[in-house]
Amino acid sequence: MSNVVNHRFGLMFALCLGTGAPLSAAPLNEALKPLPPVPVLDPAKVELGRQLFNEPRLSVNNTLSCASCHQLTTGGADNKPFSIGFDGKPVQINTPSVFNASLNFKQFWNGRVDTLEAQVAQVVISPVEMGSDWNTVVHNLAALPAYQNAFKQAYPDGVTASNVQNALATYERTLLTPNSRFDQYLLGNTEILTTQEKYGYQRFKDYGCIACHQGVNIGGNMFQKFGVMGDYFEKRGNPLESDLGRYLLTQDEEDRHVFKVPSLRNVAVTAPYFHDASAKTLEEAVDVMFKYQLGRNPSQEDKDLIIEFLKTLTGEWAGKPL
Amino acid sequence: MRRVSRRRTSQILLGLMALLLASTLVFLYLKSSRDQTATYTQSRDLIRQLQQLNAQWDSEVLKARIAITHNYDPLVTPLTDMTRLWSDLQGRDTYHNPADLPGWQASQAEYLTAIQEKARLVDQFKSHNAVLRNSLAFLPTAEDDIQAQFNRINDEGRLQLQGVATDTYDLLLSSLEFAQVTSDDRAADILVGLGKLAINKESLPSEFQAPVDILSNHISLILREQPVVNSLLERIAAVPVAARLDDLTTHLNQDQQAADLVDHQYHRYLLIFSTLLVVLLLYLAVRLLRSFAEINRVNRALQSANETLEQRVERRTQQLKDAQSELMDSARQAGMAEIATNVLHNVGNVLNSVNISADLVTRKLRSSKALGLGKAMQLINAHQGDLGTFLTEDEKGKLLPGYLNQLVEAIAVEQQGMSDELTQLSKSVDHIKDIVSTQQSYAGASKLLEPVNISALMDDALRMNAGALSRHHVTVLKAYAPVPEILGDKHRLLLIMVNLISNAKYAMSNLSERPRQITLTVETEGDDTLKISVKDDGEGIPAENMTRIFTHGFTTRKEGHGFGLHSCALAAVEMNGQLSAHSDGPGLGAVFTLTIPLTLAGSSS
């Protein structure tokens with residue numbers, strides 16, 4: 001036994017020497033995948049995107065920037081059930097986090113666009129969000145010499161709508177939250193999780209949460225009907241247009257109440273939950289998921305364990321835990 | 001004039017022809033080498049990658065179907081990659097036969113429709129498969145939960161509920177079977193089973209309600225979702241993405257083949273055209289070589305003709321020169337003869353008076369009263385003994401003194417006359433001399449310029465003095481700078497040189513203690529002056545003589561007539577030049593320098 005240990009230690013030591021990486025074993029082969037490294041993109045575009053992200057001129061009355069609702073200090077979203085649009089009225093749907101959004105297979109709750117660029121394009125002209133139009137935005141930005149120069153440096157054709165969208169999308173691709181404890185666990189540092197958390201992960205898998213929340217973004221790679229095992233909306237009452245989900249796009253009865261499965265990364269810091277912000281706490285959200293998605297009746301202990309696990313999914317932004 | 005315009009026309013025609021040939025060549029080259037192969041290969045490559053991704057996608061769908069993995073990322077990434085590759089393919093300027101373009105675009109549209117349909121179906125498959133797999137995985141556990149409830153009740157109760165337990169277990173089994181082999185019969189079985197379970201539930205204790213509900217919910221879900229998943233799989237399999245990609249490949253292939261065919265055709269044309277060009281070039285090369293040979297031959301003929309011509313010209317020139325110098329000689333001789341005649345005539349005239357004077361003097365001498373003196377002396381000699389008596393006594397003797405007195409007067413008159421006559425004669429001789437010298441200066445006044453080779457001329461002058469020089473053991477040093485043939489008066493130059501050399505020789509005639517040496521120097525001064533000097537190391541010239549040395553009649557020699565240097569200086573001035581002398585003093589030798597303007601023989605004619 002001690003021989004084996006020694007041998008393993010030697011192997012690890014060799015790996016350490018070879019890679020210069022912190023002490024770690026081989027990555028685990030799980031259905032959940034570690035966060036990829038932050039991509040290295042054109043710094044000029046990223047910086048321009050960062051400026052635009054904080055630019056209220058994108059909204060029609062210069063009140064809202066992307067950062068108004070997607071606050072990077074509070075999990076990449078705001079903590080309101082519904083963010084306030086340019087006109088001071090709340091929007092119909094809960095704001096999803098901008099963090100790790102580039103890892104989602106589609107954007108928006110109902111996945112109506114494929115790319116971050118298209119997402120930007122829609123939010124700016126949305127009559128309840130920024131309420132502007134692209135000609136105005138381009139005109140306003142082009143009027144500022146600082147932007148003119150920054151665009152000239154990053155794009156040969158200067159200030160255009162698609163360049164604004166691309167700059168913002170490029171910036172957003174850098175908005176990843178690495179180094180969550182669970183990621184470290186997946187990368188082989190199995191000591192980082194407590195036993196409780198490991199049990200929580202086990203419950204997460206056993207109860208079938210993993211059926212939808214898996215992959216690199218722990219969700220965000222498929223659509224799912226909200227209310228597989230029961231009619232959530234009937235129970236909740238007060239039906240809204242936004243509850244229709246993908247039906248709004250496809251007008252297909254099959255797609256009624258179908259939403260993009262959200263990522264669970266940073267889930268502990270992105271309350272409230274669901275598109276309708278109906279779950280104020282993680283507990284509530286887990287209860288709803290068990291009832292309407294899994295059709296299971298877990299013990300309180302199991303739920304607690306799962307919540308323990310979910311808290312390990314919180315990553316870092318700008319070197320600090322979210 | 002017409003020939004020039006014809007030449008220009010032919011030049012323009014030639015240029016147009018060359019342009020035509022070149023543009024044809026370029027056209028054929030471009031046509032044949034338009035490189036579609038690269039784009040074709042790249043496009044084929046992209047489509048192959050798309051096919052590969054599509055296949056991978058299919059296999060991931062099947063893996064998800066049999067629940068090998070829970071990770072659905074692999075069902076997303078192929079589409080992402082395919083979308084990227086597709087935009088790559090779109091971005092590529094794939095060549096297409098314009099006629100075929102609608103077909104190609106239609107194929108692309110069909111592919112896009114297919115891929116969108118497949119993406120939609122795969123998304124639905126993901127959703128349905130996820131919940132289906134979840135429920136299927138959960139079924140044994142759900143059944144276990146019910147069994148656990150069974151186990152919890154006492155044996156008696158369990159016996160009563162044995163049927164329910166068996167039914168439940170059967171339902172579980174048929175559900176699991178249904179997942180493997182989905183058929184309407186089994187679906188009906190399950191429906192019956194679910195109905196039974198619902199009825200059984202009524203008879204079960206309350207703690208059974210929740211697990212049974214959960215189980216029946218999940219079985220309902222399986223019953224609902226399994227056919228959906230199966231049909232989705234079938235529909236996914238039926239989506240002709242691969243076929244569309246094959247269509248695109250076929251399209252590309254056909255297009256490429258057609259392009260290749262055209263390409264080959266142009267290659268052939270290019271080959272034929274090149275062959276023609278090569279033949280033309282060969283023909284031209286042969287023509288060119290022939291022309292060269294012809295030109296060479298003509299050139300050689302021309303050259304030899306030229307040489308003969310030159311020789312003939314030279315000969316003729318020589319003849320002309322000879323004739324000219326003959327003419328000049330004869331002209332000079334004629335001139336000289338004329339001068340001589342003139343001089344002789346004038347001299348003859350004067351000689352008349354000389355003759356007369358001489359005659360007069362002769363006659364006077366012949367009839368001189370001096371003869372009477374002789375007779376008087378005979379009388380005296382005859383009466384030597386009694387001279388006194390004779391003179392005083394004798395008749396004749398008494399007359400004698402008177403006679404002598406008369407004689408003395410007569411002789412004095414006679415001498416006076418002769419002296420006058422001789423003065424006259426001397427004047428006449430002077431006149432002759434004047435005539436001669438005038439004629440000499442006349443003769444010199446006519447300048448005759450001809451090409452002169454200075455060194456040859458110097459040698460001539462030496463040769464004329466050669467006898468005297470060797471007699472006096474004089475050595476000659478020649479310091480001739482190379483001087484081109486000049487235009488000058490050969491005779492004057494010769495006169496000057498002969499004189500100067502002769503003078504130098506004489507200047508050293510009293511020299512015995514050191515060798516006699518003359519140095520002749522010819523040099524140019526600047527572009528326009530020629531200096532010729534004769535240097536001796538003889539007796540030199542005293543400073544007081546220096547001013548008079550060129551004057552007429554000045555000489556230091558006994559037999560000299562003082563004419564040489566004077567005429568030399570005159571001749572020098574007449575040639576627009578100057579003759580100068582220099583000596584460091586008596587016994588230190590002298591230098592005579594002739595300075596004349598340098599006119600090159602070829603420059604003024």
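## Contact between chains A and B

In this predicted model, where local features need pLDDT of at least 70, side-chain atom pairs count only at pLDDT 80 or more and totals for chains, interfaces and linings use all residues, the contact takes 22 residues from chain A and 21 residues from chain B. Two residues are in contact if their C-beta atoms, placed from the backbone, lie within 7 Å. Residues are numbered from 1 along each chain as its sequence is written, with chains lettered from A and ligands numbered from 1 in the order in which they are written.

On the side of chain A that touches chain B, strand E1 (residues 223-225) of chain A gives the largest share, three residues. Strands (E, at least two residues) and helices (H or I, at least four) are DSSP runs, numbered from the N terminus. That side of chain A divides into 11 nonpolar, seven polar and four charged residues. Ala, Val, Leu, Ile, Met, Phe, Trp, Tyr, Cys and Pro count as nonpolar, Asp, Glu, Lys and Arg as charged, and the others, Gly among them, as polar.

## Helix packing in chain B

Helix H4 (residues 101-152) and helix H8 (residues 206-238), both of chain B, pack at an angle of about 150°, with their axes 7 Å apart. Axes are lines fitted to C-alpha atoms, for helices over the stretch in contact, and angles run from 0 to 180 degrees between N-to-C directions. H4(B) is therefore roughly antiparallel to H8(B) (angles over 145 degrees). By class, their contact has 22 nonpolar, seven polar and six charged residues.

## Contacts of Ile222(B)

Leaving out residues up to four places away in sequence, Ile222(B) touches Leu132(B), Ser135(B), Leu136(B), Ser175(B), Phe178(B) and Ala179(B).

Terms used: Angles under 35 degrees count as roughly parallel, over 145 as roughly antiparallel, 65 to 115 as roughly perpendicular and the rest as oblique.
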